[in-house]
Amino acid sequence: MYEDAPRELAVAYARFIDDRSFDRLAEIMIEDVQVSSPLFACKSLAEFREQLQLLENYRVTMHMVGNVFGSWEEGCYTGEAYCMAAHVYEVDGREWKWEVGIRYEDRIIIRDRQPLFSHRHLNVLWQQDQPLITPGGWHGE
């Protein structure tokens, strides 16, 4: 019944993050969601929304969801979602892209017949920061 929910939630999360629709995260996360990474740990949706204000430092972001796998047991899903996250920002008039390879460790519960994230942990596999190449060549040169 909820087989597609992990992928649908991961894609919705990426869209809400990239659109800066942080209030919409309430549609896919419980209020006391736990979201963590090597750099932060949030114990509520309100705290996580505050953490997300850091994304305002980027002109644009793009989170691409890849593999999603895991299993349901007694109304609780445990699994992973792969993501390539690109963050574009400017330094001295030149655009740069910080790209991160992530494997999210996810837990999803059913609340009022609605699948919702109860936990997301960002395992950062690698990072790369480099000047952004635009269709017209190197931007700023």
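View A. Methionine 84 sits opposite glycine 101, a residue of E5. This is a predicted model, as are the other views here. Follow the two strands along and you can trace 16 bridges joining E4 to E5, with the pair running antiparallel.

View B. Which order do the six strands take in the open sheet? Reading across, the order is E2-E1-E6-E5-E4-E3, and the pairing is mixed. At the edges are strand E2 (41-42) and strand E3 (60-73), each of which pairs on one side only. Now look for helix H1: H1 lies across E1, E3, E4, E5 and E6. H1 runs at about 160 degrees to E3.

**View C. The largest nonpolar core.** In soluble globular proteins, nonpolar side chains tend to be buried together. Here the largest nonpolar core holds 31 residues. The members that touch the most others are Tyr13, Leu25, Ile28, Met29, Phe48 and Phe117. Two or more residues come from each of helix H1 (5-18), strand E1 (29-36), helix H2 (45-51), strand E4 (76-91), strand E5 (94-111) and strand E6 (114-131). Which element gives the most to this core? That is H1, with six residues.

**View D. The surroundings of tyrosine 13.** Setting aside neighbours within four places in sequence, tyrosine 13 is in contact with Leu25, Ile28, Met29, Phe48, Tyr104, Phe117 and Arg120.

**View E. Two residues with a positive phi.** Most residues other than glycine have a negative phi, and most peptide bonds are trans. Arginine 20 is not a glycine, yet has a positive phi of about 60 degrees. You will find arginine 20 in the loop between H1 and E1. With a relative accessible area of 21%, arginine 20 is partly exposed. Aspartate 112 is not a glycine either, and its phi is also positive, at about 55 degrees. This aspartate 112 belongs to the loop between E5 and E6. Is aspartate 112 buried or exposed? Aspartate 112 counts as exposed, because its relative accessibility is 76% and the cut-off for exposed is over 50%.

View F. Side chains of opposite charge can pair when their charged atoms come close. Arginine 15 is exposed, at 52% relative accessible area, while aspartate 19 counts as partly exposed, at 46%.

Next comes lysine 97, which forms a salt bridge with glutamate 99, and their closest N and O atoms are 3.5 Å apart. Both lysine 97 and glutamate 99 are buried.

Arginine 120 and aspartate 106 are both buried.

Methods
Residues are numbered from 1 along each chain as its sequence is written. This is a predicted model: local features need pLDDT of at least 70, side-chain atom pairs count only at pLDDT 80 or more; totals for chains, interfaces and linings use all residues. Side-chain values use heavy atoms; hydrogens and water are left out. A nonpolar core is a set of buried Ala, Val, Leu, Ile, Met, Phe, Trp, Tyr and Cys residues joined through side-chain atoms within 4.5 Å. Buried means under 20% relative accessible area, exposed over 50%, partly exposed in between (1.4 Å probe, protein chains only). Helices (H or I, at least four residues) and strands (E, at least two) are DSSP runs, numbered from the N terminus. Contact means heavy atoms within 4.5 Å. Two strands pair if DSSP finds at least two bridges between them. Axes are lines fitted to C-alpha atoms, for helices over the stretch in contact, and angles run from 0 to 180 degrees between N-to-C directions. A salt bridge is a side-chain nitrogen of Lys or Arg within 4 Å of a carboxyl oxygen of Asp or Glu.
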